[in-house]
Structure formats: C-alpha cells, structure tokens
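This briefing goes through one chain by topic. The sequence and the structure come before the notes.

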Amino acid sequence: MIRQPSRHCTVELQAVPARIGHVRRIVSAQLRYWRLDALIDPAALGVTELLANVHRHARPTKQCTVELCVLLDQLTVSVHDEDPRLPRIRAADSWETCGRGLALIAALSESWGVRPEDGGKVVWFTLPALTTGPEEARAVRAYWEPLPLEDARTAVDPRTRIRGAKVG
C-alpha cells in the first residue's frame with residue numbers, strides 16, 4: 001500500500017561553510033518529519049560532501065539548490081549548481097586532505113551520478129527509503145556505518161553504480 005507516493009523538499013543557498021551546517025539540520029529535520037530517521041546520518045553526510053564540493057569548486061558562484069525527493073521506496077538527494085564542469089571520482093592518496101568526496105558518496109549510496117542541467121550540473125545519490133520502527137531503524141543505521149577508506153576505494157566502480165541508477 002502506498003501511503004505517500006511522493007515527497008519533495010528544496011533548499012536554495014550559497015554553499016559557504018556557515019550555511020552547510022544549516023542545510024544539514026534542515027535535511028535531518030525533513031527526514032525526521034517524513035519518518036525516515038534511519039536515513040538522517042547517510043543523507044546528512046552525503047549532502048555535506050556535495051555542498052563542500054560546490055564550495056570548493058563551483059564557478060562562477062557558490063549558489064546551489066539542494067533537493068530531497070522520496071518516490072515510493074527511494075530517497076534521492078541532489079545538488080544543482082551553476083558550474084558546467086562535471087566532477088569525477090578519484091582515489092586520493094593517504095597524505096591528501098581532500099579528494100574523497102565522490103568516493104564517499106559512492107560508498108554510502110545505493111546509486112549516484114552526475115548530469116549537465118541548465119548550464120550547470122546536478123550531482124545526486126539515492127538511498128533506500130524504508131519506513132521503519134525504532135528497532136529496524138537501528139539495524140538500518142548500522143548498515144550505513146562508513147567503510148574504511150581502503151575498502152571504499154576498492155568497492156567503488158562508478159560505471160556499475162551509475163548504470164543501474166534511476167535519474168534523480
């Protein structure tokens with residue numbers, strides 16, 4: 001039975017460090033409202049990584065839109081910015097302090113991808129949107145515990161992740 005077939009939320013912002021924390025709290029509150037508590041940690045981590053990428057790389061401005069969309073059994077989190085350059089996943093060396101964002105997105109999500117849109121781009125990822133009770137939520141949350149970086153590098157093959165993905 002489908003109770004709420006589609007739920008949608010957007011937030012427009014300038015991706016500066018002070019705003020990223022606010023958006024993370026908005027995402028958490030919205031997921032709590034939708035009773036998707038088990039997805040708060042992975043969604044907040046993923047949106048933080050995507051917004052950090054906008055802050056670091058997006059030109060000409062840091063303006064972006066964060067979108068949450070639940071359709072049936074899937075949460076899609078996407079960030080649209082005005083920079084047409086498409087990011088790519090890479091393996092950061094152990095001494096590097098950045099360069100792991102997309103690898104982390106790939107490791108925590110069910111699927112992810114990038115697409116050009118309106119002169120900019122959208123980077124998105126999906127999570128299974130399970131409506132769970134408290135006991136089940138704890139079990140699902142344990143599933144999202146982060147992989148050690150070495151495991152994340154070997155587990156990530158962007159071609160297979162994107163191939164079976166639904167467009168967000």
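The model is predicted. Its chain of 168 residues has 42% of them buried, and it holds 6 helices and 5 strands. The mean pLDDT is 77, but residues 132–168 stay under 50.

**Fold and confidence**

- Read from the N terminus, the order of elements is β-α-α-β-β-α-β-β-α-α-α.
- Among contacts in the chain with a separation of 6 or more, 66% join residues 24 or more positions apart.
- A pLDDT of 70 or more is reached by 68% of the residues.
- For residues 132–168, where pLDDT is under 50, the model has 49 contacts beyond four places in sequence.

**Nonpolar core**

- The largest nonpolar core has 34 residues, and those touching the most other members are Leu-31, Leu-51, Leu-75, Val-79 and Phe-125.
- Two or more residues of this core come from each of strand 1 (6–14), helix 1 (17–33), helix 2, strand 2 (63–71), strand 3, helix 3 and strand 5.
- Helix 2 supplies the largest share of this core, 6 residues.
- Once neighbours within four places in sequence are set aside, the contacts of Leu-31 are Leu-36, Asp-37, Leu-39, Ile-40, Ala-43 and Leu-75.

**Largest pocket**

- With 8 residues, helix 2 gives the most to the lining of the largest pocket.
- Sorted by class, the lining of the largest pocket comprises 12 nonpolar, 5 polar and 9 charged residues.

**Helix 3**

- Helix 3 is largely enclosed by the rest of the structure, because 6 of its 8 residues are buried.
- The buried residues in helix 3 are Gly-101, Leu-102, Ala-103, Ile-105, Ala-106 and Leu-108.

- Thr-48 is part of helix 2.
- The relative accessibility of Thr-48 is 18%, so this residue counts as buried, the cut-off being under 20%.
- Beyond its neighbours within four places in sequence, Thr-48 is in contact with Ile-20 and Arg-24.
- Gly-120 belongs to strand 5.
- Gly-120 has a relative accessible area of 3% and is therefore buried.
- Apart from neighbours within four places in sequence, the residues in contact with Gly-120 are Asp-81, Glu-82, Asp-83 and Pro-84.
- Gly-120 and Ala-58 are 62 residues apart along the chain, and 9.3 Å separates their C-alpha atoms.

**Backbone geometry**

- Most peptide bonds are trans, and most residues other than glycine have a negative phi.
- The bond between Arg-59 and Pro-60 is a cis peptide bond, with omega about 5°.
- Pro-60 sits in the loop between helix 2 and strand 2.
- Arg-35 is not a glycine, yet its phi is positive, at about 60°.
- Arg-35 is placed in the loop between helix 1 and helix 2.
- Arg-35 counts as exposed because its relative accessibility is 63%, where exposed means over 50%.
- Leu-72 is another residue other than glycine with a positive phi, near 55°.
- The loop between strand 2 and strand 3 holds Leu-72.
- At 48% relative accessibility, Leu-72 is classed as partly exposed.

Notes
Residues are numbered from 1 along each chain as its sequence is written. This is a predicted model: local features need pLDDT of at least 70, side-chain atom pairs count only at pLDDT 80 or more; totals for chains, interfaces and linings use all residues. Side-chain values use heavy atoms; hydrogens and water are left out. Helices (H or I, at least four residues) and strands (E, at least two) are DSSP runs, numbered from the N terminus. Ala, Val, Leu, Ile, Met, Phe, Trp, Tyr, Cys and Pro count as nonpolar, Asp, Glu, Lys and Arg as charged, and the others, Gly among them, as polar. A nonpolar core is a set of buried Ala, Val, Leu, Ile, Met, Phe, Trp, Tyr and Cys residues joined through side-chain atoms within 4.5 Å. Buried means under 20% relative accessible area, exposed over 50%, partly exposed in between (1.4 Å probe, protein chains only). Contact means heavy atoms within 4.5 Å. pLDDT is the predictor's confidence in each residue, from 0 to 100.
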